Every structure is written in C-alpha cells, then in structure tokens.
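Let's take a look at the charged side chains in this one.

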Amino acid sequence: MIRASFAVLFLATLLPSLATAFAPASAAVAAAASSTLSSIASSVSEVTLIGEVDYDKLASASKFPHTADTLIARAKSLLNPDILLGQKDDGECLADDFEFVAAVVGPIGKDEYLGALANFKLEESFDIEPNFFGFSVDPMQPNRVWFFNRQTATHTAKFLGAEPKEDARDNELILPPQCYHIDFDDDLKMKEFGFYTVDRRQGTTGGLGGAFAYMYGVGRPLPIPECQPYKRSFRFRLLSFVGGLAQKFSRK
C-alpha cells in the first residue's frame with residue numbers, strides 16, 4: 001500500500017514536469033507546421049503560370065463597349081426568374097440574330113428557340129435548383145460570359161407521361177456539372193446561348209445534361225443515341241481492342 005501510494009505521488013509530481021519539458025517541443029512543431037503552411041500559401045498566391053493570358057493587356061485592347069462586371073451582371077439578370085433567358089419577357093432580351101447551340105442541338109434561331117421553350121416547360125414538372133457559379137468573361141472573346149452549374153431537381157408532376165414515384169428519394173435528380181456561355185451584342189442583347197456537360201461521370205442522369213437529363217431521369221429518354229448515356233461505338237471498341245493487342249505483342 002505504501003509502495004502504491006508512493007508511486008501515485010511520484011507520477012503526480014512527474015507529470016507536470018513532463019508536460020513542461022515537452023511543451024516547448026510541441027510549440028516548436030506547431031510553429032514549424034504553421035510556418036510551412038504559410039510559406040506554401042504565399043508561394044501559391046505568387047505563382048506565375050507560363051502561357052496564361054495577359055488579362056489587363058487583352059482588356060485594354062478590347063473594342064467591346066462593355067466591361068466584364070457589366071456583362072456578368074447582365075448575364076445574371078437574364079438567368080433570374082423574371083426573364084429566364086427569354087422565356088418570361090417574350091424574347092425581348094434576345095437579339096434578332098440570336099442562336100441557341102448545345103452539344104447535339106442547334107444552332108437554332110430565335111423563333112424556333114422561343115417556340116421550343118413554350119412547348120417544353122420543365123418548371124411545371126420539376127422543382128429545380130440551378131446552383132450557378134464561376135462567372136467570368138472570356139479575355140479572348142470579350143462579349144462572352146462563361147459560367148457553370150451543378151443542377152439538382154425534384155420530380156413533382158407528370159412529365160412526358162411519367163408520374164412522380166411514391167418514394168421521394170426516387171424523384172431526386174442530380175445533373176452532371178455543365179458549362180454555359182452567353183454572348184452579347186453591343187446593345188447587351190443575348191446573341192448566343194449554349195451549354196455543354198463537362199463531367200459525364202457525375203450525377204444521376206447518365207451523364208446527360210439539359211432537357212435530355214430530365215427525360216432520362218424519369219425513364220422517358222428519346223429513342224436516339226444522343227438521349228442515352230455515352231457508349232463507345234463499335235469501331236471505337238474495335239480500334240481499342242486492336243491497339244491493346246498491338247501493345248501486348250510489342251512487349252514480347
């Protein structure tokens with residue numbers, strides 16, 4: 001009992017000393033780590049990329065009459081629900097020579113574009129969250145605004161004959177990331193609008209974007225290859241097979 005009491009007393013006396021002894025070392029390690037992180041952050045912020053465009057030089061040489069801030073603000077106003085890219089203002093925001101173009105659709109003109117929108121209203125069947133981000137003006141085409149979104153949606157009403165499912169989780173759609181562009185003319189009318197899927201491996205719509213994503217998401221894709229998840233063609237698969245064989249035999 002005396003030995004045990006002595007041991008406890010010894011540890012109680014020793015532990016504060018150990019903590020004091022190791023405290024400077026711990027502080028030194030933490031300080032070194034903090035210094036390293038600060039150094040990395042500082043070096044990253046000062047990196048000059050070889051081959052990157054000179055934004056200031058291109059901006060000063062541009063003859064387009066509107067600034068990047070003006071174009072981005074205008075693009076955002078066109079995306080808002082009160083205009084919705086021409087759907088809600090009867091096309092007032094569109095230039096006479098407007099064109100819509102996507103990966104496999106278009107280019108189509110103003111009248112055809114407005115007609116398609118009038119007959120195909122996704123918002124009546126889905127609760128859509130656009131999730132826009134990354135707005136920037138193309139330094140080499142100063143009338144173009146680029147931006148992205150990671151759109152999600154919930155199927156809420158009949159769409160192409162498909163009713164919402166009983167399990168709410170089965171009505172959730174996640175589209176792949178998409179890259180959009182809007183081109184403006186000198187009067188800030190929309191001259192061109194288009195978008196493309198940029199990562200077909202993400203989402204729950206088979207890598208499809210735009211209206212095709214919604215068709216596929218509710219099980220009503222059009223019976224054409226463009227409305228189906230990407231699949232390599234027979235010739236592509238054959239070439240890949242032959243290339244693999246050639247590579248295999250070249251090692252021998």
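Arg169 is exposed, with a relative accessible area of 68%; exposed means over 50%, buried under 20% and partly exposed in between, for a 1.4 Å probe and protein chains only. Its salt-bridge partner is Asp167, which counts as partly exposed because its relative accessibility is 30%.

A word on where this comes from: the model is predicted, so local features need pLDDT of at least 70 and side-chain atom pairs count only at pLDDT 80 or more, while totals for chains, interfaces and linings use all residues. Residues are numbered from 1 along each chain as its sequence is written, and side-chain values use heavy atoms, with hydrogens and water left out.

A salt bridge here is a side-chain nitrogen of Lys or Arg within 4 Å of a carboxyl oxygen of Asp or Glu. The structure holds eight of them, including these:

| Salt bridge | Closest N and O atoms |
|---|---|
| Asp167 and Arg169 | 3.0 Å |
| Arg144 and Asp183 | 2.6 Å |
| Glu123 and Lys88 | 3.7 Å |

Glu123 is partly exposed at 36% relative accessibility, and Lys88 is partly exposed at 46%.

What about Arg144 and Asp183, buried or exposed? Both are buried. Arg144 and Asp183 are also linked with Glu192 in a network of salt bridges.
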